Amino acid sequence: MATPTGWRREGNLPAELTSFVGRTRLLANLKRHLSESRLVTVTGIGGVGKSRTVLRLAHQVRSQYPDGVWFADLARLQDAGMVKHTIASALGIADQSSRATSESLAEWVGTRDMLLIIDTCEHLVQGCAELINELLEAAPNLKVLATSRQSLHLPYEHVVPVPPLQVPGDDPAENLFANESVQLFAARAGGVVPDFVLDEENIGSVAELCRRLDGIPLAIELAAVRLRALSVDQILALLTDRFSLLAGASRTALPRHKTLRAAIGWSHELCEPAERLLWARLSVFAGDFELDAARFVCSDSRLRAEEITDLVSGLVEKSILLIRSNHAGVRYKLIDTLAEYGEEWLDKLGETERLRQRHLEYYLSLALRSEDAWSGPRQIYWFVRMRQEHDNVRMALEHALRTPGMSALALTLLSSLWFMWVCCGFAREGRVYLERALQANPGYSKERCKALWVLSYVCSAQGDSVGALEAAEKCSTEAVRVGDSRAVILASKMQGTAALLQGDLQKASALLGVAIEFNTDNKELNPGLLPAIVELAIVLTSQGELYEAESLLLDCLQVCRERGELSVSSYAHWALSSTRLQTGRADAALENAQESLRIKRHFHDTLGTLIALETTARIYTALEEVDVASQLLGALQENWRTAGLPMLGAPFLQLEHEKCVKELERLMGDEAYRAAFTRGTNLDLDEATILALGDNAASP
C-alpha cells in the first residue's frame, strides 16, 4: 500500500467505527454555527460524546470543503510546545525548514478551503488558542472545529455545549422507544448480544437505566457491555445500589460528572482484579499500542506476560479497550476518559514512575531494533511502524528529558531514530528534541557525538547548511576527544553534505571521499556509505565527470538491491536520471526518475519527491513534452513553498531549475508556458507525482 508523500486533498478523517445515534438537533445546530463562524468549539464533560459528534458532523459536511477535512487528536499530548508539530504532522506537512512551525502551517493552509478539527484541547488551551488565532488570521478560507471541556476564550469563538442525550421523561409526550438514550443502549446492546430486542417487557428497565446514567453516552455504552453476563434488570439493580452508596442522596442531586465516574468505577469493579491492574498500567501508553508492547511494559510477578493476551481480550470485550485492525496489524487503545481513570489508579498504586520507565525501555529497545533493520528488506514495515509509534516515542522522550538522571537515554533514543527525523517527515520535530537533549547533556560522550551528527543530518534535510556544518564540526572535535572513530567518519560525511548544499564542490568531494574510503568495510551502509556515494556522484555530475558518476550510482543500486534498501535507492535513481539526462539519454533518464518517484510514494519523503520532480520536469522538457513539464514546475512552486527551502538552497539545483524555466519559455512562448504553469499550481504533491509518472503511476 502506498503511503502519502505529502498532503492530499481529501483530508484524513478517521472512519466511524460505530453507528451514530440521535443528536439530530445538535448536528443541525452545529452545521448552522459552522456556516456562520470560522471557529466553533464543542464543549462538554468527559464521556458526553464531543469527539464522536464532531466526527459525525465532519463526515456529513466533508463535501463542502474542496481542500479536505483534517483531524488532529491532542488527547495524549503532554508538551504544549508540541501542539504545532502534532497538527502539522496530522495535516501531512513535511516542512523541513528551520522557520517557525506556525509560520509554515499558516503558509501551508494559505487560501485552501478546508476544515481543521482539533480534538481534545482542554489540557493545552493556551497553546491551542494561540495557534488557532494565528492560523485563522493568516488563512481566510480556513475553518476550525475544536473539542474541549472548556472554552478557548477567543473573541470570535462560537461555543456549542454538547449536553447528555435526552433521557426518558425529559419530554413527557415522547415515545420511550424513540428516546435517544434508549436507542443508543439498544444499538450497543445489539452489538454485545446479537439477539437483544427492545420490547414491552424490558423497555421500562432500559428507560430507568438510561435515566440513572443521566444520558451520558460513555456510561450507557459501558452499561450495555454488561449484557454479556447480566439481564437489564440485574444491571439496573446493581447500578442503583452503587449510586446510593456513592451519592447518599436522590438521583436528582447527583452531578453528571459523578454519574460518569460512578459508571466507570462500576465497570472497573466488574473487571477481574488482574484486568483492573492491566487497565491502570495501560494508561502509560499514548495513542494506540501493539500487544507486544503491553506484554513488555505491563508484565511483572503480579501480571505474567503470557496472561496479558487474555486480559487484553477481556478489556476489549468490556469496551475498555478499542481494537483497530489494518494492513499493518492489530493495535489497541484506551478511550481517553478511561485512560484518565487508569492514570489515577496507577498513581494510587504507586506504580506511575516504574511503568513510565518500562515504557521508555520498550520504545528505546524498539528504536534500536528499527535502526538496525532500517537498511534491510523490511524498510517499509519499519517506516509504517515507527510512524504509528510516533506518539509513544514522543511520550518516552518527554519522560527521559524531564526525569533527573535519564536525559542521556533521550540522546540514545533520539539518535537511533535518525531515519525517522530525516526520512519519515519529522525533521523539524527531531531538531527540536535533539537540541533539547544536547543542551541537557553538555558533557562529552559517544552518545552526544552520535546526536551531533544526527543533528547535522537533520539540518541538511532542512536546507540549513550552516547549522549542519556547525553540528558536524562540533561532532568531529568532540569525537576526537572521546575516541569515537565512527563519529569522526560520519562527521566528515555530514560536513561533505553541508559543503554540497553550499556549492563548495571541491570541499564536498574531499570530505565525501574520506567518508567513503573509511566506510567501505563497514557493514552499516546507511547513513554513512551509501548516501555519501550518491552525494559524491552528484558532485561528479556537477563537475562534468558523468561516466564516473554513473558507475558509482550503478554500484550503489546493486548494493541497495542486495540489501533491500529502498530509501537510498530512490535517491540513487534520481541522481542517475540527472547524469543520464546530461549524456543525452532522456528516455533512460525518465525511467530512473519515475522509478525514484514510485519508490518515494512508500515514504513520507516530501523533499526527496520534490527534488525528483524537479529533475523529471527537466527530462520532460528535453523530450519536448512541454505541457507536462510546465505543469510540474507550477506544482513545484506551490509545494516547495510549504515544504521548506526551495531546492534546499543548493546552487546546483537552483541553476538547473532556472535553465529549465528559460527553455520552456523559449519552446512554448511566455503566454502558453504561463497558462500550463498556472494549471500545475492546483496540483497537490501526490497529483504532481501521478502526472510525472504518466502511464507508470502504479505503486511498486
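## Before you start

Residues are numbered from 1 along each chain as its sequence is written, and side-chain values use heavy atoms, with hydrogens and water left out. Because the model is predicted, local features need pLDDT of at least 70 and side-chain atom pairs count only at pLDDT 80 or more, while totals for chains, interfaces and linings use all residues.

Helices (H or I, at least four residues) and strands (E, at least two) are DSSP runs, numbered from the N terminus.

## The five-stranded sheet

Let's begin with the sheet. Five strands make up an open sheet, and their order is β2-β3-β4-β1-β5, with parallel pairing. Here, two strands pair if DSSP finds at least two bridges between them. The edges are taken by β2 (69-73) and β5, each with a single partner strand, so one side of each is left without a neighbour in the sheet. From one strand to the next, the twist averages 20°; angles run from 0 to 180 degrees between N-to-C directions, and axes are lines fitted to C-alpha atoms, for helices over the stretch in contact.

Two helices pack on this sheet. Helix α2 (residues 50-61) touches β1, β2, β3 (114-119) and β4, and its direction makes about 155° with that of β4. Helix α5 (residues 125-138) touches β1, β3 and β4, and its direction makes about 170° with that of β4. Contact means heavy atoms within 4.5 Å.

## A closer look at strand β1

Which strands pair with β1? One is β4 (residues 142-148), which runs parallel to β1 and is joined to it by five bridges. The other is β5 (residues 158-161), paired with β1 in the parallel sense over four bridges. Val42 has a residue opposite it in each of these strands: Thr147 in β4 and Val160 in β5. Val40, in turn, has Leu145 of β4 as its bridge partner.

Is β1 buried or exposed? Five of the five residues of β1 (residues 39-43) are buried, so the strand is largely enclosed by the rest of the structure. Leu39, Thr41 and Thr43 point one way from the strand, Val40 and Val42 the other way, and all are buried. For these labels, buried means under 20% relative accessible area, exposed over 50%, and partly exposed in between (1.4 Å probe, protein chains only).

## Two antiparallel helix pairs

Helices α20 (residues 427-440) and α21 (residues 446-461) have axes that come within 10 Å and cross at roughly 150°. The pair therefore counts as roughly antiparallel; angles under 35 degrees count as roughly parallel, over 145 as roughly antiparallel, 65 to 115 as roughly perpendicular and the rest as oblique. On the α20 side, the contact residues include Arg431, Leu434 and Leu438, and on the α21 side they include Ala451, Leu455 and Val458.

## Lys493, a buried lysine

Helix α23 (residues 485-501) also holds Lys493. With a relative accessibility of 0%, Lys493 counts as buried. What does its side chain contact? The Lys493 side chain makes a polar contact of 3.0 Å with the side chain of Glu535. A polar contact is a pair of N or O atoms within 3.5 Å; within protein, one must be able to donate a hydrogen and the other to accept it, and residues adjacent in sequence count only if both atoms are side-chain atoms. Leaving aside residues up to four places away in sequence, Lys493 touches Tyr457, Leu512, Ala515, Pro527, Gly528, Pro531, Ala532 and Glu535.

## A parallel helix pair

The axes of α27 (residues 567-582) and α29 (residues 606-622) come within 10 Å and cross at roughly 25°, and the two helices are therefore roughly parallel to each other. Residues that meet include Tyr571, Trp574 and Leu581 in α27, and Ile611, Thr615 and Ile619 in α29.

## Ile335 in a loop

Finally, Ile335 is found in the loop between β7 (329-334) and α14 (336-349). Ile335 is partly exposed, with a relative accessible area of 22%. Its contacts are Leu218, Ser319, Ile320 and Leu322, not counting residues up to four places away in sequence.
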